[in-house]
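Biologist: I have just opened a structure that is new to me, and I would like to learn how to read it. Could you walk me through it, feature by feature?

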Amino acid sequence: MLSIHEPFNSIEFPDEEDVEIFEHEEDLEDPQHSPEVSLLDQYQFEYFERNAEFFEFAFDLLKHHIIDTDVFYALRDIRRPSVITADQVESGLFSDQGIHWPDKLKTEYMARERRLRAYTGYSNVSGSQSNLLSVIDRRYTNEKIFHFKATYTAVRPQLVHFQLRNLMCPLSKNNILYSDSRTIKKFNSDTGEVNDVLDRTKSKTALGRWIKISTMAASKEVAVAGGVSGQYVYKNLDSNFEDSVPSAEGVMTSDVNSITNHADIIRTNGALRAVFSCNDCMVRTLDLTTNRIISAHKYPLAINCTATSPDSKIRLVVGDTPETVVVDASSGKLISTLTGHRDYSFACAWSNDGYTFATGNQDMTCRVYDYRNTTRPLHIIGAQLGAIRSLRFDDSGKYMLMAEPVDFVHAINTRDFSRGQIIDFWGDIAGIGFSPYNAFDDSSLWIGVCDKIVGGLMQFDRWRDDSEYSLDNIYI
């Protein structure tokens, strides 16, 4: 991840014997030691990948005579209801984000065309996003898999760093956790209620009154947040959901590059744990029962994301290098190195089928692998506009979500990755996710949009086709 030092131009991953492994508490940083504020926290990154703000984009449309001044002021001063429903969109009352385009089809088409032409995504390696069509080998058929259900405009997750887009987690079909940069909140789409779930200001420890949340993760049992200055905090959700006081917290590092880039919740031998990827080149595992860091593995580069296999034995590690490293999750030792990406990676995910996994990179590609044979990827899928910042598989393993920095989320059928859906909208993407699988109801797809004018939480449900219930599907 972008840090205060010069990025690595090229890097080799260590041999097995060179991986630093800490397995004893005395070898680790004191989790109660509060570091000085990271230099990263003193910098503002709004000049990277921030030309996506709808106000700025509307002004760009005005400058290029795509809209006139009356339309610009109308877009700037949009007034939206707290909920925009599918019925309102179908009737033409609103767009799915409450935008009123004059001469809708023509103006919106010209606006989208302008965005595709003018947006400049961030990359660390010069030329990594060029000649994309010569790199990708899978172009899926765009189909209607999910349909728009609602946009909740009063609920807006907030970005802290432009490269980190994991700030929203569905707990159920209608309960969503998200970060407003200082707290984690729960939104109930049935009632419209918003409640604090994890509020750092209510902590009684001496680590400071707040944490600037750079990443988060959640399961039905726990919500975890990582901060820009090496802090972590978590809340057990099965204790007192209405009480937003953190269950436990600590500081992982006082390193100057201490921002927490990613958090993942795993279960190993029945124990609930959080895996943190940090800019100080460390992958740390925290026991969420004892609040102890039980292992810390060091690599020679900033770590941006990890994904652990469903059996908790294998881990993907991606960071400030084009390579993806496959390691033993327990020891941190190298198993294999995957090459092919042309820039730094910020996303990886593992399907519940146990062998399919994917990596997302700033070279605008997602590479899908079968762990049983990683000599080459199964598929290389391209983006529309920018880097692949987030990846998710649903619980069933049937669908994969792929998020760009702005405007585009791809929902892809994983049967052979030949069918999918491009979901397009306007604004920075703060998070994506599927609600957990329910045998009585399909999961929803959720997208968090961070924008002052058109932001909110967007919900999509599966299309239901009568042919899905045809008796032909169960007859031999």
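Predicted model: local features only at pLDDT ≥ 70, side-chain atom pairs only at ≥ 80, totals over all residues.

Biologist: Where is the place of Asp394 in the chain?

Modeller: Asp394 sits in the loop between strand S25 (390-393) and strand S26 (399-403).

Biologist: Which backbone nitrogens does the side chain of Asp394 reach?

Modeller: Look for polar contacts, which are pairs of N or O atoms within 3.5 Å; within protein, one must be able to donate a hydrogen and the other to accept it, and residues adjacent in sequence count only if both atoms are side-chain atoms. A polar atom of the Asp394 side chain lies 2.9 Å from the backbone nitrogen of Gly397, and the side chain also reaches the backbone nitrogen of Lys398 at 3.0 Å.

Biologist: Which residues is Asp394 in contact with, leaving aside its neighbours within four places in sequence?

Modeller: Contact means heavy atoms within 4.5 Å. With those neighbours left aside, Asp394 is in contact with Tyr399 and Phe434. Ser435 is 41 residues from Asp394 in sequence, and the two are 7.8 Å apart in space, C-alpha to C-alpha.

Biologist: Let's turn to nonpolar side chains. Which residues have the most contacts inside the largest nonpolar core?

Modeller: In soluble globular proteins, nonpolar side chains tend to be buried together. A nonpolar core is a set of buried Ala, Val, Leu, Ile, Met, Phe, Trp, Tyr and Cys residues joined through side-chain atoms within 4.5 Å. The largest one here has 20 residues, and those with the most contacts inside it are Ala358, Cys366, Val368, Ile381, Leu391 and Met400. Strand S21 (345-350), strand S23 (365-370), strand S24 (379-382), S25 and S26 each supply at least two of its residues. A second, separate core of 19 residues includes Phe148, Ile423, Ile447 and Val449.

Biologist: How many disulfides does a search of the whole structure find?

Modeller: A disulfide is a covalent bond between the sulfur atoms of two cysteines. The cut-off used is a pair of cysteine sulfur atoms within 2.5 Å, and the search finds 0. Take Cys348: the closest cysteine sulfur, in Cys305, is 3.6 Å from its own, too far for a bond. Cys348 is buried, with a relative accessible area of 6%.

Biologist: Cys305 makes me curious about strands. What is its bridge partner in S18?

Modeller: Strands of a sheet pair through backbone hydrogen bonds, either parallel or antiparallel. Two strands pair if DSSP finds at least two bridges between them. Strand S17 (residues 303-308) and S18 are antiparallel, with 5 bridges, and Val318 is the S18 partner of Cys305. On the S19 side (residues 324-328), 5 bridges again join an antiparallel pair, and a hairpin of 4 residues connects S18 to S19.

Biologist: How many residues of S18 are buried?

Modeller: For strand S18 (residues 314-319), 6 of the 6 are buried, so it is largely enclosed by the rest of the structure. Ile314, Leu316 and Val318 cover one side, and Arg315, Val317 and Gly319 the other.

Biologist: What is the order of the open sheet of 4 strands?

Modeller: The order is S9-S10-S11-S12, with antiparallel pairing. Strand S9 (213-218) and strand S12 (248-251) stand at the edges with a single partner strand each, so one side of each has no neighbour in the sheet. S9 and S10 form a hairpin with 3 residues between them, and in this pair Thr215 stands opposite Gly226.

Definitions and conventions:
Residues numbered from 1 in each chain as written. Heavy atoms only, no water. Buried < 20%, exposed > 50% of the residue type's maximum accessible area, 1.4 Å probe, protein only.
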